[in-house]
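Subject: Handover of a structure

Hello,

I am passing this structure on to you. Please open it first, then read the notes below.

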Amino acid sequence: MMDAPKGTKNQQSPAKQEFIEKSKAFWNPNKTQFWQDQNVDLVIDRREGYLLYDMDGRRLIDVHLNGGTYNIGHRHPELIEVLHRGTTRFDMGNHHFPALGRTALAEELAKVCGGGMQYTMYTAGGAEAIDLAIKCARNATQKRKILSIVNAYHGHSGLSVATGADRFSKTFLSDRPDEFFHVPFNDLNAMEDALKAKDFAAVIMETIPATYGFPMPVPGYLTGVKKLCERYDALYIADEVQTGLMRTGEMWGYQRYGIEPDLMVTGKGISGGMYPIACVVATERAAVWLKQDGFAHMSTMGGAELGCLVALKTLEILQRPQIRPIVNYISETMHSGLTEIMKLYSDFFVGIRQCGVVMGLEFDYPEGAKPVMKHLYEHGVWAIFSTLDPRVLQFKPGVLMPNALCEELLERVERAIGLARDECMGSKSRRRKAAE
Amino acid sequence: MNGIVAELLAGEKRQTGQADMMLEAAGWAASSFALFDRARVDAIVHAAAEAGYAVAGKLAEAAVKETGFGVPAHKKIKNEITTRGLYELYRNEDFCSKRIIPDKKIVELPRPAGVVFALTPSTNPVCTIFFKILLALMTRNAIVISPHPKAQVCSAEAARVMAAAAEKAGAPMGVIQVIDEPSLPLIEHVMKSPRINVILATGGTPMVRSAYSSGNPAIGVGPGNAPVLVDASADLDQAAKRIVESKSFDNSILCTNESVVVAEESIADRLLSAFGRNGAYVAKPEEVATLRELLFGTGSFNIEVLGKSAAEIGQKAGIRVPANAKIILAEIDRIGIDEPLSKEKLCPVLGFVRAPHAEGAITMSRALIRLSGAGHSAAIHSKNPATILKFSAAVKALRVAVNAPCSQGAAGFATHLAPTFTIGTGFFGRSSVGENIEPKHLINWTRIAYNSDPSEAFGDFSGIDPRFPDPVLGRESPMTLGRLQEGAEMVPAAAGDEVAILREEIRRIVLDELRQVLRK
């Protein structure tokens, strides 16, 4: 409906211009300006399914999904309904007492996770949940050190930010080099060298590291890491915030890779973006403090009961028998469509990192994902570059993306990548025709 | 989960949400299936048909047990006809490939409907489901079935048997699905959904009307009420035999069964005797009144006698019906609103009315269909083409079975009509199709039409096909490594986009390395 290039930078409405100035004045001047400099002047107004509408009316297909938060689509009607119904009876609840919603969700998560993952602890967001998982591991092992990968990202709170890249921790003097260590991804030797002294409480792994551009674990890597954890008495924390909830074709990414973690963190998509909630699911050993001193950690908003209801509905939707074929159809379609596009622009678009609908598109040009992001935005698609590897575009279709929208998305992606390629590599060298 | 939480989760949108996901999966399956070539389609149809055939007897019994309608042996026959029989019937027809018509400079491309939403009845549950599924598969459509709640279990089983076989034979995932808990609001929701492409409705009139008012294309079928005219030229013994055979088949549960015999007066008594000799019990006048009360006492047809045997009906009516009687004949003196027995009767009770002459018989037959069953079926037993022609032109039926059992004949099993379990009732019956429904009704054709001017030459389309990428099947989520990431060096450069090569190659390399690491 709004395919005309209305609302691009030069044609911002006065209302939008005024708003952007306010955003700089009161919210986040640098970040607001960054997006203007990138020619991505998005101010999201209405949202529905996998579509976003800019405040000037421009329609965008959302393949960022805020890191999978909108995995089952924006404002999913069943989540809206359950939230409404919930408010007729519940509010956040009182965190001290046994609670109907919290226990129901915990029971469901134990069923969905399997493998002795018996207990669920709640927080309001993913970073806080990572902190809690680390605290559990430290309590259970009575050790302090935490190992993660180089260029990891697990959130911005006290402990979680220390697991990640310096990019985020040093600004706030929050790196903790004496307790938090990093080894290269996909390198079992480095991992073993670090763990050998048996003084690590846990290894924390995003099953596929999102902010690093979704580099895929080579087969055997994650199972290797888990074995090393067992050998050297460290717990394995699976950060499933972006890889859980059917995005890899299985409920949890770690299931796709055949491992059983000691602790698992889910956030973002578990609430479908309708009510903040995040969860730590743990084995009995990892969550032993719950038996010793249940008051040792608590959170007023963690596990708010309205959020529990929304999460239960999300899990219900994601366990319906049709979900698996639908995710497979979407990811197969993306794979074959993107492979065709890669053939057209093979000197620029060089690789597809993919596990289900978790995807990173590689552009062999410094910060090549940024011009792609810009041209996608101009062509009605919102996808974000990877902060920790800007050659890679995070490409994250939702698990229920409709057939026709997938087709439309691929058409738009092809045009945008072609223009980005010309911008980066020059339009002189002719596009290669698809191999016949 | 405790009751309070369960209740909060049980909103109205749960059912519609579930249905939408079924339709979404079906839509994916349909767009994939439309790219299949004929050989692949044939293998899938064959596998589904054989799987259905294998359970024909089992599901016939299950259907009778669940619904209380009909005769297991007859249902088994219908289940066999709609599986192996249907496959054999259409195996040499091609609904998947282009047709070239050189003299008209036209090429025709079959275009499947997409997602077929099929409503199926309780009376003929399993065979209707087999029939509709095979029609959908032959024409490369996906199908979502909403069975009648009264036949829910056997219907779902029938659909699942075929779905498993079709998917095993290579069909896209989700090509055949069945709604487990059909309800009226849910059916309304699906019928109105933009995710379906055509409704194939077999059921009661309200259901069919609702399909037509949904805004989606619909092929709906209405009720029957077939007159069967027997004139003076007919072979009376044969006619009686065929009518009894038809009326007793599956206890008269096919909508193509005869409703009222309209007999020319001059042969009426002899015809009654012939009926007696061929397994019909001719009810006495006071027994006709009892039957009228039993069948229509409440104003509409008593569902308690639907698909029951003559003996059971006799028992319910308190009539002594001989054990060997297959049908009950009830003589009536008029056709019309004031004689309920002239309405459709899905049970082996057959009306019998006398007409002074052939012309009068045609008028009465016309009246019968005016009452109900417009556009459906009629039968005639006659050796006189002029009478047959007049009868067929006068009566508002779109198929007339001649000297044949109407149940089977109108449905295409004792005639050369298209064998079907879905009878189009056409404009007379407020339907879009007036024929017996067959595969061709589930596809459209794109017609490539050249300029008719002789100076414009027709292209050579032989041996070429539109080339599309391999259809995706919904079976697996791809997993590939990038080329600019850690670990990429372990991957042969050219394999960066090939899933299969990676998986084995890397697994081997990594396991080797891992073993070395662990040995240290």
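Some ground rules. This is a predicted model, in which local features need pLDDT of at least 70, side-chain atom pairs count only at pLDDT 80 or more, and totals for chains, interfaces and linings use all residues. Residues are numbered from 1 along each chain as its sequence is written, chains are lettered from A and ligands numbered from 1 in the order in which they are written, and side-chain values use heavy atoms, with hydrogens and water left out.

**Overall build**

Chain A has 16 helices and 14 strands. These are DSSP runs, numbered from the N terminus (helices: H or I, at least four residues; strands: E, at least two). The C-alpha trace of chain A spans about 65 × 55 × 45 Å along its principal axes. Its radius of gyration is 22 Å, which agrees with the value near 22 Å for a compact globule of 436 residues. That radius is taken over C-alpha atoms, and the globule rule is 2.2 Å times the number of residues to the power 0.38.

Of the 436 residues in chain A, 63% are buried. Buried means under 20% relative accessible area, exposed over 50%, and partly exposed in between (1.4 Å probe, protein chains only). Among contacts in chain A with a separation of 6 or more, 74% join residues 24 or more positions apart. A contact means heavy atoms within 4.5 Å.

For Cys113(A), the nearest cysteine sulfur is that of Cys279(A), 9.1 Å away. Cys113(A) counts as buried because its relative accessibility is 7%. Cys96(B) is buried too, at 11%.

**Two positive phi values**

Lys198(A) is not a glycine, yet its phi is positive, about 60°. It sits in the loop between α9 (188-195) and β7 (200-206) of chain A. Lys198(A) is partly exposed, at 46% relative accessible area.

Phe214(A) is also a residue other than glycine with a positive phi, near 55°. Its place is the loop between β7 and α10 (221-231) of chain A. Phe214(A) is buried, with a relative accessible area of 0%.

Best wishes

Definitions and conventions
A disulfide is a pair of cysteine sulfur atoms within 2.5 Å.
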